[in-house]
Structures are given as C-alpha cells and as structure tokens.
Amino acid sequence: MNDTGCIHLNNFKAAKGTNPYKIVHAFFVSCTSYEARRYKATSCLCFTCGKAGPRMHSCLHCIFFACYNGHIQDHSKSKKHFLYVDLSYGNVFCAQCQDYIYDRELTELSRNYRVKEAKALGISVPYTPWLPNNNEVMALRRLRKRRLISPHTTIGLRGLQNLGSTCFMNCIVQTLIHTPLLRDYFLGEKHKCKTQGSGKCLVCEVSKLFQEFYSGAKTPLTLHRLLHLIWTHARHLAGYEQQDAHEFFIATLDVLHRHCMNGVEDTEKKENGRCNCIIDQIFTGGLQSDVVCTSCSGVSTTIDPFWDISLDVAGPGSLQACLERFTRAEHLGSAAKIKCSNCRAYRESTKQLTLETLPIVASFHLKRFEHSSQIDRKISAFVSFPAELDMTPFMSTHRRAVEAADNNNAPEGVFEDNRYSLFAVVNHLGSLDAGHYTAYVRQMKGSWFKCDDHMITRASLREVLDSEGYPDLSFCSRVVNYHCWSYK
Amino acid sequence: MTVNNTIAHQRLTLTGDRERFKELLRRRLIECGWRDQVRMLCREIVKENDGNNVTFDTLVTRVTPRARALVPDTVKKELLQKIKTHLY
Ligand SMILES: [Zn+2]
Ligand SMILES: [Zn+2]
Ligand SMILES: [Zn+2]
Ligand SMILES: [Zn+2]
Ligand SMILES: [Zn+2]
Ligand SMILES: [Zn+2]
C-alpha cells in the first residue's frame, strides 16, 4: 500500500475536499477545544447499539457514529457510504477496499490537530515517528548502503586528541555529542546558517563535528578549530592555566546559544520573552527562589533560568542528598537582613530554592573545587548518583503541595513524569593542579563507553556509577524512548 | 456499560483526563519496550504473508491476544491505581 490513498478516498477528496475530515478530527478525534470535548463526551455513542465502542468510527459522508465490528459495515451497505474515520487514531477506513487507507495530506492534518490538542491539555506532544518527505524517500532509494544498528555498534564513537591539557574540552564535547536530542537536531541538519562557510559559527562547527563522529571513521579527531572558536567568543576562558570542565561547558552553551541566531529560521525564535533556540529548548530550566519575611510571612518569589545545577559537596553522600540540601529552606540570619516590601524595613528572612520548570537535560555540577583568597582545594568525597532519578521532590509545585497538605493526600500531579536517566558523567582525577578529566557516555540504552582523550573503551553501568574519579559533572536526560532492536 | 461507568467516561473525556491517561499509558508502553515488541510481531506476520496484502484486520486478530499478554503487570497496576485515585 502506498501513501496516496485509494481511488474511493481520492474521489471523495476531489468532490468534498478535506473539510469533512477536518471537522470530524477537530471535534471527535483530537478535541481541540472544551466545546469539542463536550460533544465527544456526550454524543460519541454508536447510533446502532448505543455503546461507546470499542473502536468507534464516524462516517465521513454524513453524521453517523458506529462501532467498527458490524455497525459501520451495516451503514455502508444500506447508505452506500464507504469512508469512516477511526475516532481514536484519526485513520481513514475504506469499506470498499476493506482496509485503512494511508493518505499523506490527511496524516499531516491529523498530526497538526494532535499537537494542538496536546498543547490545549498541557501534555507533552505525542511522539510521532519520522515521516520522510519526498526528497528523503528519494535519497533513501539512491543510497543502497545500509548500516545495522545493533547493541554492538560503535558508530558515533570517536576519540579526541589531547592538544596539551585539553581533556576538559574533550570530555564536554563527548558529552554534547551524546546528548540525545542534540544529536537528533544536528544529524537532522536543522541549522541552516546565514553565515554559511564563514568559519565563524560554532553551531556550524558542531554540525561538522557530528558528521565526523558518525562518518564511520575511527581515527581520533583534533579540535583545534572548535577550541579556537570558543576562545574567540568566550574571551574570559582563553589562556587560563587551569581549565575547568564545568566552566567550559557553560561557556560552550552560551556561545552555541548566541550563534543559533545565525540560523535562518532561528533569528526570531522567542516565546514569551525567552529564547527558544535548541540549546535553551534542551538545557534551560527555571529556578524559583522564595524569600519569606520572618515578621510578616510575606513571600517574594523570583524565577531565574538555569543551564545547570551547581551543588555543594559537604562530604560523602548522594546526588539526591545534595539536591535535598539545595532545596531546603535556609534561615538567612541577622547578618543578612533583606528589605521586606511589606514591612518596609530590613528583616530576617528564610530563603528556599526549588525547581519551577525542569529542562529536558538536567546537568548537575558538584562543586568540588574551593577557591578562596587563602587556599584552592579539591573536596574528594564520593558522591553517588542513581541511573534513574526522580526530580519530583525538588519541584516548586511539589514543595507547595507538601506544605499545604494537612493530611497525606497531597495533590500530586497524577500525570507528571519527572524521571531522568543518566547518560553522561565527567570525572576529575587527581589534584587541583595536576588533574585529568575523563568522561563516561551512554551510546544506547545500557551501552556505556569511557572516553579518555583518544582512547574509547567499553564500560559497564556499575563502573560508571562507582567511578573512583569522583564525578564532577553528571548529565541526565528525561526518560524518553531509547529502545533499539536489531532486525535480523 | 452501566450508568455510573458512562458518567465516569464522560467526565474523563470532558476534562481531558482521558487523553492524559492515554498519553501516560502510551509513554509507559514505549518505555518498557512493549511498542517495539508489538512492532516486531507485526513485522513477522507481514513477512509470513510475504507479498500478499495483509489487512489491518488480519493484524488486529493475530496480534491483539499476544500484545495484550505482553503488557507488563507494573504498567497495568500503575494505570489502575492512578485512575482509581483520580476518580474517587
Ligand atoms: Zn455499535
Ligand atoms: Zn453515512
Ligand atoms: Zn477504497
Ligand atoms: Zn552556523
Ligand atoms: Zn538560546
Ligand atoms: Zn515583612
């Protein structure tokens, strides 16, 4: 079956257009408004047997709902109406062909309504598999070479040459290359650059880098140009004796975010004042700070965007314990009085940080390096972290709900899913001034590799979680579809 | 369907929670690999009939019993629990 429909559907479209399908979809399949949901709730019952399914369909020719088993077939015989829309999925059934019909135009419409519905309900847009366009189909036909993606593939893995203490950069690059959504963005060649070929755009440089990583070649790469570009655009980093992976990570995101504006389509990408570039889409979360006056209990709330969460290391413990401490209400004491707008006076207050919105990729930085006027030192305490992390307890809404609840029925979001899964860890080994960075990255679900400059070796999850190098940075991505099957 | 069931069904549709539950279920089924397993079952059936047009109905009748059995108990339990607490 191809995706150009059947003769019956094509004739119908020629005569009536796509409007009948649009109406059925917007009201009874995807319900893009409250009114539509009311219609669906009250009138989507089989005209023949009065039941609400299973597999309710609507006639495309007239107003008629019926269940699939028998009742739409009866209608098609008596009325000679042959086309029906499945009210759960929006697929079109042709009673003459006795099968569902693929039609590119209607599939596209259906997808758009789905997105609208998800937005109206505030749920994540349902995952839709990649639908190649005509150009892509042609390209696939031309390219006969196929690569099998199995749990043993090493495609996408490449070592990086150390250019003289540049292990900090290599680790951050390995992490970015293995950030799932970033990979999809770059391999999908989504950055169409206005500066094409100028050599000044970091986004373009990273695009090239992705091509190098996935070319199948195995020799280690040298990142002269990338380093030079980042140093040119983040001058505060250049020439430092001691490079810090975390600082480099933030600087790289910043330059990438600025250079995204070179993209033809990205120039005006702002949603309610916030940047909507790929970097911000993936890495930006919102940190809420509530300052409560101890005299009048007035609260002043601010929300700031963040790209990473920097956590104090107080001693051996877990990432969750660090986060717990990070979001605990803290009394600011008499030495740090803050002006309360209510009392119009300086008052003692408590301050609490919580996460207002979560990013797709959460980056945790453990503050192991202490810099003070007297001494620079590294805190080498083991901090364990889980392969799967639920961020719910650290969210603003959760904290509010817990405080408001006088019983155990905290109004927890039934539909919320704040689980993250670990995909990269950057370790710092050795002392502050004679240290070395290595990274662990996840290539596919359950498939980990250790990146030590030009050397890439397979690693186990246990090894990653027990890493003796005392993790410095860890990166978790929201749980998304990671299953990969090998087709024999 | 009893009157109570119909009302519950209507309320879930009206508030949009029916879609939200469906989305949650969809996500869980993807995460646990169920969707990939079912996709493999479908591929097998298409291959067995190689060349012959396999209709949606054939797939549904052949795959549904096995696909139902493949849904992990943890997923069923979670959904049931959440729907229950949501309704009462
Ligand atoms: Zn019926
Ligand atoms: Zn009809
Ligand atoms: Zn037909
Ligand atoms: Zn560019
Ligand atoms: Zn941005
Ligand atoms: Zn006050």
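**Exercise 1. The whole chain**

What share of the 488 residues in chain A is buried? Work it out, then sketch the chain's overall make-up.

*Solution.* Keep in mind that this is a predicted model.

- Step 1: buried residues account for 46% of the 488 residues in chain A.
- Step 2: go through the secondary structure, and chain A turns out to have 15 helices and 25 strands.
- Step 3: take the contacts between residues at least 6 apart in sequence; 63% of these join residues at least 24 apart.
- Step 4: for the surface, chain A exposes about 25300 Å², with 53% of that supplied by carbon and sulfur atoms.

**Exercise 2. An annotated stretch**

Find which residues of chain A the UniProt annotation "domain: UBP-type" covers, and describe that stretch.

*Solution.* 

- Step 1: according to the UniProt record, an unreviewed entry, the annotation covers residues 4-117 of chain A.
- Step 2: over residues 4-117 the chain is 47% helix and 15% strand.

**Exercise 3. Around helix α2**

Is T18(A) buried or exposed, and what about S30(A)?

*Solution.* 

- Step 1: T18(A) belongs to the loop between α1 (7-16) and α2 (19-29) of chain A. Buried means under 20% relative accessible area. T18(A) has 15% relative accessibility, so it counts as buried.
- Step 2: look for what T18(A) touches. Setting aside neighbours within four places in sequence, T18(A) contacts K13(A), E105(A), L106(A) and L109(A).
- Step 3: Buried in α2(A) are P20(A), Y21(A), V24(A), H25(A), A26(A), F28(A) and V29(A). An α-helix has 3.6 residues a turn, so residues three or four places apart point the same way.
- Step 4: come out the other side. S30(A) is in the loop between α2 and α3 (34-43) of chain A, and its relative accessible area is 0%, so S30(A) is buried. Leaving out neighbours within four places in sequence, S30(A) is in contact with H25(A), Y113(A), R114(A) and E117(A).
- Step 5: C31(A), which follows α2(A), has a positive phi, near 45°.

**Exercise 4. Helix packing around α9**

Two packed helices are described by the angle between their axes and the distance between the axes. Work out how α9(A) packs against α8(A) and α11(A).

*Solution.* 

- Step 1: α8 (residues 180-187) and α9 (residues 202-213) of chain A pack at about 95°, with axes 9 Å apart. That makes α8(A) roughly perpendicular to α9(A).
- Step 2: list the residues. L182(A), R183(A), F186(A) and L187(A) of α8(A) meet V203(A), V206(A), S207(A) and F210(A) of α9(A). By class, this contact has six nonpolar residues, one polar and one charged.
- Step 3: zoom in on F186(A) of helix α8. At 4% relative accessibility, F186(A) counts as buried. Not counting residues up to four places away in sequence, F186(A) touches V203(A), V206(A), S207(A) and F210(A).
- Step 4: turn to the other partner. α9(A) and α11(A) pack at about 110°, with axes 8 Å apart, which makes α9(A) roughly perpendicular to α11(A).
- Step 5: this contact joins L202(A), V203(A) and V206(A) of α9(A) to T252(A), V255(A), L256(A) and H259(A) of α11(A). The classes here are five nonpolar, two polar and no charged residues.

**Exercise 5. Beyond α11**

Is M261(A) buried, exposed or partly exposed?

*Solution.* 

- Step 1: M261(A) is in the loop between α11 (245-259) and β6 (270-271) of chain A.
- Step 2: M261(A) has a relative accessible area of 26%, so it is partly exposed.
- Step 3: for a distance, M261(A) and D290(A) are 29 residues apart along the chain, and their C-alpha atoms are separated by 33 Å.

Key
Residues are numbered from 1 along each chain as its sequence is written. Chains are lettered from A and ligands numbered from 1 in the order in which they are written. This is a predicted model: local features need pLDDT of at least 70, side-chain atom pairs count only at pLDDT 80 or more; totals for chains, interfaces and linings use all residues. Side-chain values use heavy atoms; hydrogens and water are left out. Axes are lines fitted to C-alpha atoms, for helices over the stretch in contact, and angles run from 0 to 180 degrees between N-to-C directions. Helices (H or I, at least four residues) and strands (E, at least two) are DSSP runs, numbered from the N terminus. Angles under 35 degrees count as roughly parallel, over 145 as roughly antiparallel, 65 to 115 as roughly perpendicular and the rest as oblique. Contact means heavy atoms within 4.5 Å. Ala, Val, Leu, Ile, Met, Phe, Trp, Tyr, Cys and Pro count as nonpolar, Asp, Glu, Lys and Arg as charged, and the others, Gly among them, as polar. Buried means under 20% relative accessible area, exposed over 50%, partly exposed in between (1.4 Å probe, protein chains only). Accessible areas come from the Shrake-Rupley method with a 1.4 Å probe; for residues, only the protein chains shown count as cover. UniProt positions are given in the numbering used here, feature names are shortened, and annotations may be inferred rather than shown by experiment.
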